[in-house]
Amino acid sequence: MKNIIALLITVVSVTTTFAQEFYFPKQTYSDSIALAAGIPALARQVYEAHESGAVAISLGNRFHLPLAAEQYGRATTLIDSLRLSFNEDFNRGIYFQFEAFAEAKQQSKSSGPFRQIFEAIFRAGYLDLNIASQEVVSANTRLSVEQFNEALKGIKAQYGSKDTLQLIEAIQLIRVYNFQQVYMQALDIMQQVVAEEDEKRFVVDSVMIETKDGSPLQAFVVRERASEGPLPTIFIFNIYADANRDVGRAKIYAAEGYACTVANTRGKGKSEALTEPFEHDGQDAYDVIDWISKQEWSNGEVGMVGGSYLGFAQWSATKRLHPALKTIMPQVAVGPGIDYPMNGNVFMSYMLRWIRYVTNNPTTDYPDFSNTNKWNTLFKTWYEQGTSFRSLDSLEGQPSDIFQRWLDHPSYDAFWQSMVPCKTDFSEIDIPVLTTTGYFDDDQMGAMYYYKQHHMHNPNATHYLVIGPYTHGGAQLYPNKEVGGYQVDSVATSLNFRNLSVEWFDYVLKKGEKPQILRDKVNYQVMGTNQWQHTSTLSGMATDTLTFYFNPTRSNDAYTLSPQPSAEYVEQEVDLADRSDATEFEFKVIRDSINTDLNTSISFISDPLEEPTIWSGSFIASLQVAINKKDFDIVIRAYEMMPDGRYFALFTESGFSALQRASYANDRTQRQLLTPDEKETVKINTSYITAKQMSKGSRLVITLGVNKSPYWQINYGTGKDVSEETIADAIEPLEIKWYGDSSIQIPILKAME
């Protein structure tokens, strides 16, 4: 559900080898002439410090130094080096405006007026880019001089009272100054060139599409001017309304020989209806597809694509399947009521942040959504005050009908089931489907829910899966080469999901070749092997299982994962009233320790593995527990403790391998409370999928614990509606007995050579 905001002005991290300060007299800020002379001098200072080894500066920041210091040839060389860390499909567009600026400045020293030279360089370079790189450049022309002026003003206010700057402060000042200068001197030229060249190539129509209940939807239709005859159409149903981005996304498919319609969901853009996420998309999508199929530029065949909410919208469209809809490609698809706004029937604080994101105005409220400090402060305040989860919107200062309505449905009931296909609905979906998700994708649970349900109710479904070491964003467009300190295998990062979508639509809508990656129904990358594996079923990902029991025998600072059960138990006490542990979670795959994860968890560790072992699939845990309350929210995390003592986290960015409200473990549609102080079985079969080759000598570490975090609803165990409970319901600490006949079954695949 986290929309990708790719503003390239974000400050890149800085690594300082030694503490370093740089002289920059405060009076420089108030004199534009002094500032124009002072910034290049500062940039030279900082660059010399880097070259001498006194500081280490990331490549994403480094090119700004020679650019500001007017060493233009060195700046372009560093930009070229920086691009190597990005996907080749679009990397030539990265910082293209700075490259053109530097080349024009260099040439203008001897060859004529800067603006004339810049226009020639920028136009020629833009036309030489592929469509993906052009869209990166186009997106950057939508920024404004005013925002950089404001950013520079903010820096002056923050640092203008002192004569020295820390390294990160100096970098920030230089970066913002570069952006301001480039955009002040050349933005109008960039915008003119992009507009002129796009006008030559594309036809862009802005339309309002009437739904059957009279609620018009805003849409943009894009196709190439050179296209001939009716075209197959790609339809993207987008709640994140942004006209420029919508048109930019459509150009990607128009350039590949399709008509592309990007429609905004009800209440967005120029639609005057209420924005009520998830509730109208199925019927509205049907009406848009019906409209598309009747246009003269359409050949009557439609495919849908998009990620996160846009993935959900595709499944919503299949609840009542229009004859013109021939295929969908849902990427990291949200499952409403499955993994958002609750996971394991536990509501997340993030739901309010996202609701504001899409409902604050007719477009998309990027500034509010990006204000991480505001939201973390709100969640921490709520957590420390201990008020009910239902009060979160009021605490923020703006009650939300949507937030309250969602909280009225803590079970996976008819409210959620009405939004997407449910049970036998899946048997009627007979079109080809391609699902993409990742091991580190927070919405993997939603994506896999659709995949499993479709195959369960339609055994002959033409439904493919591509899954690998991808984040939520990486499984939609371009994979990250590094995730949380883990350098992703090259065969995984070489897969380009934008190109895969074009290959998929060419295969289905143009009767082309099937994408090479789709060698079978399930296509997954095994981390640490640099290989893809292919099988016909999810169960085929594993050839065996390892079963461990949670044994109360101590193993240094942990308990034991044992091949044999025990009649004993481990006792754990969690004070639900203690709020001294309100910390921000930092996702890392490679970790030096897991101590920060254990404030409400206990760990169990296995003996060293005797041979390389591949974890391949999702685990099942059967927990034998007794608690002194009627309910609790279970968190399970899985790690590989590598031979060097570091840990590899086998879970998503949310910070768990499985999250489950115990009272919904047997049936997500109906709550079944536990009996206090009585031993009961809680089965966890909704863990995240992963595939990782673990080394000989590695150990498995599994932590069992309780959810107690500012970022999730707190279950106090009274049996009442959890949204209504407060810290006053904590009364006495939660006491848990984890019995030694509790087990976890880990799917394994024979190690590859």
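Colleague: What share of the 753 residues in the protein chain is buried?

Modeller: This is a predicted model, in which local features need pLDDT of at least 70 and side-chain atom pairs count only at pLDDT 80 or more, whereas totals for chains, interfaces and linings use all residues. Residues are numbered from 1 along each chain as its sequence is written, and side-chain values use heavy atoms, with hydrogens and water left out. Buried means under 20% relative accessible area, exposed over 50%, and partly exposed in between, with a 1.4 Å probe and protein chains only. On that scale, the buried part of the 753 residues comes to 59%.

Colleague: Which radius of gyration does the protein chain have, and why does it agree with that of a compact globule?

Modeller: The radius is taken over C-alpha atoms, and the globule rule is 2.2 Å times the number of residues to the power 0.38. Along the principal axes, the C-alpha atoms fill a box of roughly 85 × 65 × 60 Å. Because a compact globule with 753 residues would have a radius of gyration near 27 Å, the chain agrees with the rule, its own value being 27 Å.

Colleague: Of the contacts between residues at least 6 apart in sequence, what percentage joins residues at least 24 apart?

Modeller: The chain holds 21 helices and 31 strands, where helices (H or I, at least four residues) and strands (E, at least two) are DSSP runs numbered from the N terminus. A contact means heavy atoms within 4.5 Å. Among contacts in the protein chain between residues at least 6 apart, the percentage that joins residues at least 24 apart is 76%.

Colleague: How many salt bridges does a search of the whole structure find, and which residues are linked in a network?

Modeller: A salt bridge is a side-chain nitrogen of Lys or Arg within 4 Å of a carboxyl oxygen of Asp or Glu. By this criterion the search of the whole structure finds 39. The residues linked in a network of salt bridges are Glu 119, Arg 123, Glu 196, Glu 197 and Lys 200.

Colleague: Which residue forms a salt bridge with Arg 266?

Modeller: In this pair, the closest N and O atoms are 2.9 Å apart. Arg 266 lies in the loop between β6 (259-264) and α11 (281-293), and its partner in the loop between β3 (202-209) and β4 (217-224), so the bridge ties together parts that are 53 residues apart in sequence. Arg 266 counts as buried because its relative accessibility is 12%. The partner, at 51% relative accessibility, counts as exposed, and this residue is Asp 213.

Colleague: How many residues apart in sequence are the parts that Asp 408 and Arg 390 tie together?

Modeller: The side chains of Asp 408 and Arg 390 meet in a salt bridge of 3.2 Å, N to O. Asp 408 lies in the loop between α17 (401-407) and α18 (414-417) and Arg 390 in the loop between α15 (372-385) and α16 (392-396), so the parts tied together are apart in sequence by 18 residues.

Colleague: Is Ser 349 buried or exposed?

Modeller: Ser 349 sits in the loop between β10 (346-347) and α13 (350-359). Not counting residues up to four places away in sequence, Ser 349 touches Phe 379, Trp 382, Phe 389, Leu 392, Pro 710, Tyr 711 and Trp 712. Because the relative accessible area of Ser 349 is 0%, the residue is buried.

Colleague: How far apart in space are Ala 414 and Thr 669, C-alpha to C-alpha?

Modeller: Ala 414 belongs to helix α18 and is exposed, with a relative accessible area of 57%. Ala 414 and Thr 669 are 255 residues apart in sequence, whereas in space their C-alpha atoms are separated by 9.0 Å.

Colleague: Which residue does a cis peptide bond join to Tyr 340?

Modeller: The omega angle of this bond is about 0°. The residue in question is placed in the loop between β8 (325-331) and β9 (342-343), and its name is Pro 341.

Colleague: What is the phi of Lys 511, which is not a glycine?

Modeller: Lys 511 is located in the loop between α21 (497-509) and β15 (522-526). Because its relative accessibility is 63%, Lys 511 counts as exposed. Its phi is positive, at about 60°.
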